[in-house]
Amino acid sequence: MPEDKEFKVIGTRPIRHDGIDKVTGRAAYGADIHFPDMLHGKVLRSPYAHARIKSIDISKASSHPAVKCIITSDDLPLVEDTITELGETVINLKYLSDNILASDKALYKGHPVAAVAATDPYAAEEAINMIEVDYEILEPVLDVRQAMEPDAPVLHESLKTESMGKGEDQSQNVASHSQRKHGDLEAGFAAADIIVERDFSTATIHQGYIETHNATAQYNEDGELTVWCSTQGAFGVRDQLSKILKMPVSKIKVVPMEIGGGFGGKVQVYIKPIAALLAMKTRKPVKMTMTRTEVFEGTGPAPGSYIRVKLGADKTGKITAAEAHLIFEAGAYPGSAVGAGSLCIFAPYKIDNLQIDGYDVVLNKPKSSAYRAPGAPNACFASECVIDEICQKLDMDPIKFRLINGAKEGDRRCDGPIYPKIGYLETVEAAQQHGHYAESIDKTPNGKLRGRGVASGFWMNGGGRSSVTINVNADGRINLIEGSTDIGGTRASIAMQAAEVLGLSSEDIMPAVVDTDSVGYTGVTGGSRTTFATGIAAINAAENIRAQMIGVVANHWELKPSDVKFKDGTFLAQKNGEELQMTFKEVAAVAGGPLVGSVTASPGGAGNGFATHIVDLEVDSETGKVDILRYTAIQDVGRAIHPSYAEGQVEGGVAQGVGWALSEGYLYNDEGHMTNASFLDYRMPTSYDLPSIETVLVEVPNPGHPYGVRGAGEVPLVPPLAAIANAVSRAIGVRMTELPMSPDRVLEAMGSI
Amino acid sequence: MALVSVPSLMQDLTAGQDQVNIEGETIREIILNFDKVFPGVKDRLCDGDRIKPFIAVYIGSELSQAGMRELVSPDSEIHFVPAISGG
């Protein structure tokens, strides 16, 4: 692996390739799609959180003059009640289909029941209100602990608890139970000088992407379906459409438009199959766009959770044992992030005696979805707060505690595998040495209460399949064709890796994110995989091009390819005592035609990500309002290809973490209706709520990537919840265990209300 | 022989043993030989000739991507863990 000084492009900060289109408004998003004869689709959603659908009468709505088509679940192909692999995930096909259009039961308020295509969106809205649905209203269950009770309302009569291949005698709402265990828990706690055990809860949270879901579908007479949409992964959409509609993937083309945020929430399909089905039935293009309320009520939020953590340590601060029970909201169908949460909860530490139990529980809320490092923020909120309490009781510096217990290469992860080269301790050391931590905090200025919190976080990061094609033009500039949706600057970070191989500048590469017919299979932009895995595909494709060009040069100079060297974008050789050289662009010109290199890579070795955050904040003891004063986020990114975009990922994660910690959360009434389904009432932080966030990029190169890249997009959302909770707890002298820490909760904890 | 770490929820099949040494050059051979020693293991881990979708296999510190075909060496450490996905 080259040293820093050898890099020409990596580590620099060129202007992103899509920047001008984005700032001038020229970039095309899903809502920009328009066809002259286009219809507009609208969904009828259940007004009840739990109800049996007895009948649906579409006769009145069908008589509306603007209505061209109405569909219900009867129009979807029957799919098997079986678990299947779907791209990079696994899913029960019947659940997937039922979440698109409810068949026998509506399982959450907002669950789609029917859909209409009409000549204009207003007529479609009118028509859905003319559809008559006869419901048998059932009692909803909205809390995971209540859902686990033996007499709780049951969502799925056929659901059985999956437990590492074995059925368990659990409540019918417990979809799965997982366990990670090693060492001797009893002996570990017996060896402890101090034990802290606490219960924690977190709210259901939405990703809050600014662009709502959208889809426009067109079905041609030759049986080919095209869908333009906002998605984190076009191939994942193609796979889901194929399964739900029972169509061959070769008949489906998905065109990924620019994306206004996803954060894990734009992997699962919702209205895309509905738009497709309406287009197939009407033989006209059908466009659908969700409202914000539909997004809140009808798409997958991050799961709320209940977590119990018990941790023991000796007087020196060494952890002797750890135990956790995590119960996560799956939503209406199985599949929460409890598995990832269970893996992450104690991941930064070397713990010899440990048991972690995770439960995936269905209840009458929308099917939960991924949200940056899914499951880890909830889990680490609980574990990092207990660690902070132990530090307080031992009167030990929280950074020192982490240096004593931090995991390093060769230590065993909580679920068994051994850590490869990781950079957790380097993030803790960077925190210890940072000016923020060295500076003391005045605890009671002007009658307000101040506190400092520290927390760490982990995300495993992913690999998976990615494809890249590189075309070399005669002018020496390059078209780089990729299938990875660019959410956070990955056009630049992928192009820069190809540029480094070829000795070109970032500006010489012209990246394009294309549809599923135009590039090889590429996994979703998620799991912090894109700069890593698609980057490796780009490196491999560039190396292929470099080899081809060496062949061209050798032929041109009448030498063997082995006689030709390549350095800094120039081809070199010696012939008859003469020094020969040609630039990349000169070779492109003499190549006599386009050079093409196509690669599909499926790399392992993604390299784990760790972060350690420090926050100072102030609590108004009269109002309970928390103001963040200073925030420093330290993260091991392996190698920052484009440091600005790595920093942007970290800053964004912190901003979202501030919302999760202090203000965000679905509010439900007793009937299971979300009562804050708009951005007026669902309070995400704005620039007024956030300080300048300082980022520190630690670079412990990942040996699994040619340039050392580790995924950077998810771990920054893991520590903020606990860091802020620890700071609030230290400020007010009361341990905070429930999120969000809204002003009323803070005042209640202080005994003021 | 490869060292197989037995998931705690499968230790009812191994009389509480948390690690076992198993012969095999691929994950398929490891599971079949594991099942011969501790009947029932294959049913827990596999659907037919495939690893169950919600189970991931680690060889050492590396997540396997080749399923039953994954090659195993005599000094490999094998972990069967719940599969997870990212966002």
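Modeller: Happy to; one term first: a crossing is left-handed if the near helix is turned anticlockwise from the far one by less than a right angle, and right-handed if clockwise. This is a predicted model, where local features need pLDDT of at least 70 and side-chain atom pairs pLDDT 80 or more, while totals for chains, interfaces and linings use all residues. Residues count from 1 along each chain as its sequence is written, chains are lettered from A and ligands numbered from 1 in the order written, and side-chain values use heavy atoms, without hydrogens and water.

Let's start with helix 18 (residues 643–662) and helix 19 (residues 720–732) of chain A. Helices (H or I, at least four residues) and strands (E, at least two) are DSSP runs numbered from the N terminus. The axes of helix 18 and helix 19 of chain A come within 8 Å and cross at roughly 55°, with axes fitted to C-alpha atoms over the stretch in contact and angles running from 0 to 180 degrees between N-to-C directions. That angle is why helix 18 of chain A counts as oblique to helix 19 of chain A (under 35 degrees is roughly parallel, over 145 roughly antiparallel, 65 to 115 roughly perpendicular, the rest oblique). Helix 18 of chain A passes helix 19 of chain A in a right-handed crossing.

Which residues of the two helices make the contact? From helix 18 of chain A come A:Gly653, A:Val654, A:Gly657, A:Val658, A:Trp660, A:Ala661 and A:Leu662, and from helix 19 of chain A come A:Pro720, A:Leu721 and A:Ile724 (contact means heavy atoms within 4.5 Å). Eight of these residues are nonpolar, two polar and none charged; Ala, Val, Leu, Ile, Met, Phe, Trp, Tyr, Cys and Pro count as nonpolar, Asp, Glu, Lys and Arg as charged, and the others, Gly among them, as polar.

Now follow the chain past helix 19. In the loop between helix 19 and helix 20 (743–749) of chain A you will find A:Pro740.

A:Val696 belongs to strand 30 (residues 693–698) of chain A. Apart from neighbours within four places in sequence, A:Val696 touches A:His434, A:Thr632, A:Ala633, A:Ile634 and A:Gln635. Between A:Val696 and A:Asp411 there are 25 Å in space, C-alpha to C-alpha, and 285 residues in sequence.

For another helix pair, turn to helix 12 (residues 398–405) and helix 13 (residues 424–433) of chain A, whose axes come within 10 Å and cross at roughly 155°. That makes helix 12 of chain A roughly antiparallel to helix 13 of chain A. Their crossing is left-handed. Helix 12 of chain A brings A:Ile399, A:Arg402 and A:Leu403 to the contact, and helix 13 of chain A brings A:Tyr424, A:Leu425, A:Val428, A:Glu429, A:Ala431 and A:Gln432. By class, this contact has six nonpolar, one polar and two charged residues.

A:Ala373 has a positive phi of about 55° although it is not a glycine.

Finally, the wider setting. An automatic or database assignment gives chain A domain 1 (4–28 + 463–601), domain 2 (33–138 + 211–260 + 266–298) and domain 3 (377–459 + 607–749). The C-alpha centres of domain 1 and domain 2 of chain A are 39 Å apart. Their contact takes 23 residues from domain 1 of chain A and 18 residues from domain 2 of chain A.
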